Structure formats: C-alpha cells, structure tokens
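Subject: Structure handover

Hi,

Here is the structure I promised to pass on.

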Amino acid sequence: MTHLAQKKIILGITGGIAAYKSAELTRRLKEQGADVRVVMTPGAKEFITPLTFQALSGNPVSDSLLDRDAEAAMGHIELARWADLILVAPASADFLARLSHGFANDLLSTLCLATSAPIAVAPAMNQLMWKNKATQANCHTLKQRGILLLGPNSGDQACGETGLGRMMEPDQLVSATASLLRNNDPQAGPLHGKKVVITAGPTREALDPIRFISNHSSGKMGFALARAALAAGAQTIIIAGPVYQETPNGAERINTVTAKGMYRASLEHAPSADIFIATAAVADYRPLQIAGQKIKKSAKQISIELTRNPDIIAAVAALPEKPFTVGFAAETNDLINYAKGKLQNKKLDLIVANDVARSDIGFNSDQNAVTVISADKHQNLAQANKDQIAEQLIKIIASAL
Ligand SMILES: Cc1cc2nc3c(=O)[nH]c(=O)nc-3n(C[C@H](O)[C@H](O)[C@H](O)COP(=O)(O)O)c2cc1C
C-alpha cells in the first residue's frame, strides 16, 4: 500500500484528447486504495462520458457549478474541503490559463480556488501549445504558487506531431501523486519534502543496429537506494538504463538507453533536485560511428574508434545551484585512492567506493560492502544486502544535508 490508501482525491478532467487515459488513471488510483471523485469540465465530457468515470470511481461525477441538485448533495465548498489532493489530468492549456488567473467560472477551477489541499496538474496538449509563451508563463505562475506540475512527457502526439506535450502515463501519475501525498505527511521521514534523483544500471552504446557495448551493472544498488529514499519520505525519480528492476511504488521512473540519453534526463531533473545520486555505470566511451547496417563477419580484424561520453555527475556537480551530489566509484584496484581523486576532481559531496573485482559484492550481487568518503571522513559499511546498505547510505546523506 502506498500513501494513496484511504486518501480522498478529486480527479479533475479537462477537454483534451488524453482524457481517455484518465479512465485508466482512475482505476490505478482506486487500486492503490484512494477514494476518487471525478470532476469534469464541459469540454471533458465531449471526449469521454461521465458514466465511464462513475463506474470506475464508484462515486457520482460532478460536472456543473451552478447546479441546484448537486449543491444540495455535496456542494462545491464541501467538495473542496473533502479533498486531500486535487489532481487535474489532463490539464488543458485553457484550464492552466484559467487556474493561473484565478478564474472560478466552472466547477473544477472553483474547487481549485476553494481548497486548502495540494493541487497537481498534468498538462497535455499539442507541442506548440505547450511551448507557447502564454502557456509557459501560466505554468511558471502556477509553480510559484506551489502547484505541482507533473510532466508533460515528450513523444508522438495524437495530432501527428512529436515533442513535449503528452500527458504523463497513468502509472507515472500514480507514483507522483503518492510522492506528493507522502511529502505532505507530517509523519514522513528524514528526507520529507526533498527531491532525490538517482541514476541506475548500465548504458548501451550502439555499434550497429543490433549490437552494443555495455557492462554488467544490474541497477540493484540504484533501485535499493530509490526504495530507501522513498521510505525516508523523498520524492524520488529514478533515471534507469536498460535494467529489469521493478519500479518502486511511489517512484517516478525515466527509462534511458545511452549515456547521452541518461545525461539529458539527468540534466533535466538535477537542477530541481536536493540530492543527486549517480549509481549508474555509464559507458565512458561510445563508438564514434554507428554502422547503418549490421557489421558483417568478412574482415579478419576490425577496429572500432571510440569517443568520450559526457560526464553526467561532473556536469551535475558543476550546476550553479547544484544538488547534494553523491557519486559511486566502482573500481577493480586501488579503490580508495581512485575514489578520493574522483571526489575532488568532480567536486562531489560524497563518494561511495565499491570493489567490483570481488564476485561476492558489487555489480550483479545482492550484497555490497562500501566505503563512504567525504572531504573530511571515511566510513566503512560492512557487507550486507543492498537494501541494508542503501538504508545506511540514505541516513548518512540525510544527516550530511
Ligand atoms: C479534437 C480536439 C482535441 C483537443 N485536444 C486538446 C488537448 O489535448 N489539450 C488542450 O489543451 N486542448 C485541447 N483541445 C482544445 C480544448 O478542448 C479547448 O481549449 C477547451 O476550451 C478546453 O476546455 P476545458 O479546459 O474547460 O476542458 C482540443 C480540442 C479538440 C477539438
């Protein structure tokens, strides 16, 4: 069970093509134990019917402000007080504009004005509508007022274009909503209210359409840290390379493949993070040329020229307002000296050194044993399973913050 259990959520739906995904979102929120009441704008009802949401939420759907019967049942102020959270998904450009200007000309915008509950919005629109300066200015205003913007994602759009503007997927929205509720929970842990970004797993660097260079990283340490960060109350984003690890409940996962992709995702999320933990085993080099066709087995010997990949953690540590930056040094020899060098050269706050030459700990193992090094001290964490190591690391990081 996540922080969604028994939470009262108003799911606001506005008039966008992504409204069909909100049916799935309603189901997912219900599965997590939330009590969901759907509020639809008149526009939303042009895309999907209230009956669908009534059946999925098990509650009547509210869709009108000036409605005598609705007011007599659960009036708008009562509904605004009822909510632990208002989640608007999809949030149309028009709705974002109304919300940022404090309009109260339909039920949903009125509820948003009349509630003391946290509000999260998941914008969904054509990429040019999203990029438009008016939309960006409205979103900036909303963020400044403490409204949480979830997404949008990038990708193919219903209108046939490609770019930023897709609504976050229902799973991602459920995770983000759970994090938001956890962060608003006064009982939350030592990283309550903090945003933690963790990279995990290997990267793959293509040689040709079917082959790549990679490494043995399983992502286990990174995902264990994500679970520990969540348990400590942090909003947690995990930027994963290609790994078969289950996304922890409540975490947002961003899947990447190459070092360049992981770099882009990291630099997108690190500036707003409090803590950045780089556990990923990022390929230092990638092939200079990716063959357009499968490389044939004709020549006796071939050479592959490699070029340096961008250094993710160094770039994060060099940000003007850098998060508390934690690196991992996976080495096979002279571990502590290499780790210390990395701490200083890359201007990290903490480095976790682990010996990947040992088969009982490190890459594919469930166990690890590490040395945590900061500018002024060393701390050995004895061999234990990766979840226990992760818990200890998160405690060390929380107290160092
Ligand atoms: C087919 C169609 C699809 C639309 N999709 C979107 C969309 O994805 N995002 C958006 O912001 N507006 C979209 N619009 C425009 C909105 O429906 C319109 O701005 C409406 O006024 C939104 O009202 P509401 O926010 O009160 O629901 C779409 C319009 C049409 C006709």
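First, the ground rules. Residues are numbered from 1 along each chain as its sequence is written. The model is predicted, so I kept local features to pLDDT of at least 70 and side-chain atom pairs to pLDDT 80 or more, while totals for chains, interfaces and linings use all residues.

**Domains**

The protein chain splits into domain 1 (8-181) and domain 2 (190-400), with bounds from an automatic or database domain assignment. Their centres, taken over C-alpha atoms, are 35 Å apart. Five residues of domain 1 are in contact with six of domain 2; contact is when C-beta atoms, placed from the backbone, lie within 7 Å. On the domain 1 side, the touching residues are two nonpolar, three polar and no charged. For those classes, Ala, Val, Leu, Ile, Met, Phe, Trp, Tyr, Cys and Pro count as nonpolar, Asp, Glu, Lys and Arg as charged, and the others, Gly among them, as polar.

Helices (H or I, at least four residues) and strands (E, at least two) are DSSP runs, numbered from the N terminus. There is an open sheet of eight strands in the order 12-11-8-13-16-17-18-19, with mixed pairing; two strands pair if DSSP finds at least two bridges between them. Strand 12 (252-255) and strand 19 (378-385) are the edges, each pairing on one side only. Neighbouring strands are turned by 20° against each other on average, direction ignored, using axes that are lines fitted to C-alpha atoms, for helices over the stretch in contact, with angles from 0 to 180 degrees between N-to-C directions.

Helix 10 (residues 220-231) packs on this sheet and touches strands 8, 11, 13 and 18, its direction making about 165° with that of strand 8.

Strand 8 (residues 195-200) runs parallel to strand 11 (residues 235-240), joined by six bridges, with Lys195 partnered by Gln235.

How many residues of strand 8 are buried? Six of its six, where buried means 20 or more other C-beta atoms within 10 Å of the residue's own, with C-beta atoms placed from the backbone. Lys195, Val197 and Thr199 are covered on one side, and Val196, Ile198 and Ala200 on the other.

**Ile238**

Ile238 sits in strand 11. It is buried because 31 other C-beta atoms lie within 10 Å. Leaving out residues up to four places away in sequence, Ile238 touches Ile198, Ala200, Gly222, Phe223, Ala226, Ala251 and Arg253. Its C-alpha atom is 35 Å from that of Gly43, 195 residues away along the chain.

**Ligand**

Gly43 turns up again here: of the 15 residues around the ligand, Thr14, Gly15, Gly16, Gly43 and Ser92 come nearest. A residue counts as near if its C-beta atom, placed from the backbone, lies within 6 Å. The shell divides into eight nonpolar, six polar and one charged. Helix 5 (residues 93-100) gives the largest share, three residues.

Cheers

Notes. A residue is buried if 20 or more other C-beta atoms lie within 10 Å of its own, exposed if 12 or fewer, and partly exposed in between; C-beta atoms are placed from the backbone. Two residues are in contact if their C-beta atoms, placed from the backbone, lie within 7 Å.
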